Amino acid sequence: MKQSQMLIPTLRDVPADAEIKSHQLLIRAGYIRKNASGIYSFLPLGRKVLQKVEAIVREEMNKIGANEMLMPVLQDAELWRESGRWDKFGPQLMRLNDRHDREFALGATHEEVITSIIRDDVNSYKRLPLALYQIQTKYRDEKRPRFGLLRGREFTMKDAYSFHATKESLDEMYEKMYTAYSNVFERCGLNFRPVIADSGAMGGKDTHEFMALSDVGEDTIAYSDISSFAANIEMAPVLDTYEKSTEEAEEMKKIATPDAKTISDVAKHLGIAEENCMKSLLFKVDERFVLVIVRGDHELNEIKFKHLLEAEAVTMATEEDAQQLLGASFGSLGPIDVTGDVEIIADNAVKAIVNGTCGANENGYHYMNVNVDRDFKPSQFADLRFIKEGDLSPDGEGTIQFAKGIEVGQVFKLGTYYSEKMGAQFLDENGKAKPMIMGCYGIGVSRTLAAIVEQFNDESGIVWPKAISPFSVHLIPINVKNDIQRELADKLYNELSKVGFDVLYDDRKERPGVKFADSDLIGIPYRVTVGKKAEEGIVELKYRETGETEEVSVSELANRLVN
Ligand code: ATP
Ligand code: MG
């Protein structure tokens, strides 16, 4: 492709609203342009890279026998009502009405649509298992669209769905998808890690996220420094290995703690360690109230709490609730003398606290020398806190470290959540009707593209891994007005193209400095410069990744390049 014929609007300056490298570079190098918050156009170079990622995804999906299809973006609200998600999905779902005032959603995901198709057209175990996928634009009205393509409101996703007669069959497909996903991200060159994840609003159980490691990632990965354990911090279990000290239990006493609002205030005021405090948090769980106790230096993990109670909705109670139920405001709550209306649940670590300190349910007062069992009895102890760096790894091997990750894909075992709600049944070998067992599997295609740029760049621009670079060779004659240089460049363009290299030919009448700066910004792996030595049949080959250059004779050139 001749560069003079392509729209590649490069910019020297960093756009004001682009905070991270991938966002800045994709704009500056002329890959994308913003339309509105979280909504982007893919310019010719951007489109090309997106297609490269899509092609890899497509190959890996086809390899495991998944069928490509295409579902509508516009989805009837009725289907979302059947699954119960019309209300549950919340403001993330983009909704609109047609001229007859019928309600629709712009596809945020396609479980409902695919389930409605399969329930109508597949009725027997003989037709199962089935795996189907599409690569399509998705819409989510994200609360905080940001970081360019990383969190858009309109983005490209590969979504796949599988249907099974047995759990074993789902397990097999899950394994295949897991391997296919690993292949996709490996082929894209990403430094990534699959991690154990939370199934969130999708109603499933087993699930892994594929995380591209990056400091700008919004997710925290907890991994073992020696074993293969890795989980999203939301899901990482904490082992119950707390040991009670041998200290004698002392008499409980009430102490004035004026102005001490937080655990750290209380600990400072009383000269005690935060570890010795009991943090009390009041929650509204569906229709009841639960007081959760965690150790002062620990953070409650609301996802674990929600899972434990199998609750639909968990929200912090209001100050008024606290006042009414416990007689104090947030900073002074505690588990002593709490009546039956409020259930007390404590994290495992609380069991081991001897002579602890907690709020007295009286503003400005705390109790000291509080001992579990003697002074209050939680209805249960459970693993409710976030894991911390330095904790024992949940598999018992090594200690936990943290890393930041960008979620580029996720695989889920959905089970029968949608098939039961939407009546997707099949007849088994004995003619008995059963709900189909489902899996769903997503890759953020446009997010993957951005994650690659986030991992592969330097101060001059993008450094594409070969497999997804928009072109394989950037051919630059220094002076197109020089006949020898131009003729040699023309010849190389034709010859390299003929043997299968995708060449971007900078035939523009620009100064060499401009061409080189654009070339570094765009990030194609090989740059071939045709300059003064064209007369001797010698060109310069530069490797974008290392910056190394060498002189190569024209006859040797094609052999030096690897597609
Ligand atoms: P997140 O937690 O980042 O909001 P999600 O878990 O809600 O993502 P899924 O429903 O699992 O997303 O969607 C499948 C994949 O689509 C994700 O793994 C991610 O790579 C991609 N994706 C999700 N939301 C966005 C978005 N707003 N912009 C770009 N890609 C996205
Ligand atoms: Mg996800």
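Okay, hi everyone. Before anything else, keep in mind that what you see up there is a predicted model.

Let's begin with the whole chain. It has 563 residues, and 53% of them are buried. Inside that, you'd count 14 helices and 31 strands. And here's something about how the chain meets itself: take the contacts with a separation of 6 or more, and 69% of them link residues 24 or more positions apart.

Now, helix packing. Two packed helices are described by the angle between their axes and the distance between the axes. So let's do that for helix 2, which covers residues 44-63.

Its partner in this part is helix 6, residues 167-187. How do helix 2 and helix 6 run, roughly parallel or roughly antiparallel? Well, their axes come within 9 Å and cross at roughly 155°. Angles over 145 degrees count as roughly antiparallel, so that's what helix 2 and helix 6 are. The crossing is right-handed, by the way.

Who's touching whom? On the helix 2 side you'll find Ile56, Val57, Glu59, Glu60, Met61 and Lys63, and they meet Met177, Ala180, Tyr181, Asn183, Val184 and Arg187 from helix 6. Sort those residues by class and you get seven nonpolar, one polar and four charged.

Helix 2 also packs with helix 11, residues 445-455. Here the angle is about 110°, and the axes are 10 Å apart. That angle falls between 65 and 115 degrees, so helix 2 is roughly perpendicular to helix 11. From helix 2, the contact uses Gly46, Val49, Leu50, Val53 and Glu54, while helix 11 brings in Val445, Ser446, Thr448 and Leu449. By class, this contact has five nonpolar residues, three polar and one charged.

Last stop, the metal. Which residues coordinate the magnesium ion, ligand 2? They're Glu407, through OE, and Gln410, through OE1, at 1.9 to 2.2 Å.

Are those two residues buried or exposed? The cut-off for buried is under 20% relative accessible area. Gln410 comes in at 11%, so Gln410 is buried. Glu407 has 22%, so Glu407 counts as partly exposed.

So that's the tour: helix 2 with helix 6 and helix 11, and then the magnesium ion with Glu407 and Gln410. Thanks, everyone!

Definitions and conventions:
Residues numbered from 1 in each chain as written. Chains lettered and ligands numbered in written order. Predicted model: local features only at pLDDT ≥ 70, side-chain atom pairs only at ≥ 80, totals over all residues. Heavy atoms only, no water. Donors = N, O, S within 2.8 Å, 3.2 Å for Na, K, Ca; no water. Buried < 20%, exposed > 50% of the residue type's maximum accessible area, 1.4 Å probe, protein only. Axes fitted to C-alpha atoms, helices over the stretch in contact; angles between N-to-C directions. Helix = DSSP H or I, 4+ residues; strand = E, 2+ residues; numbered from the N terminus. Parallel < 35°, antiparallel > 145°, perpendicular 65-115°, else oblique. Left-handed = near helix turned anticlockwise from the far one by under 90°. Contact = heavy atoms within 4.5 Å. Nonpolar A, V, L, I, M, F, W, Y, C, P; charged D, E, K, R; others polar.
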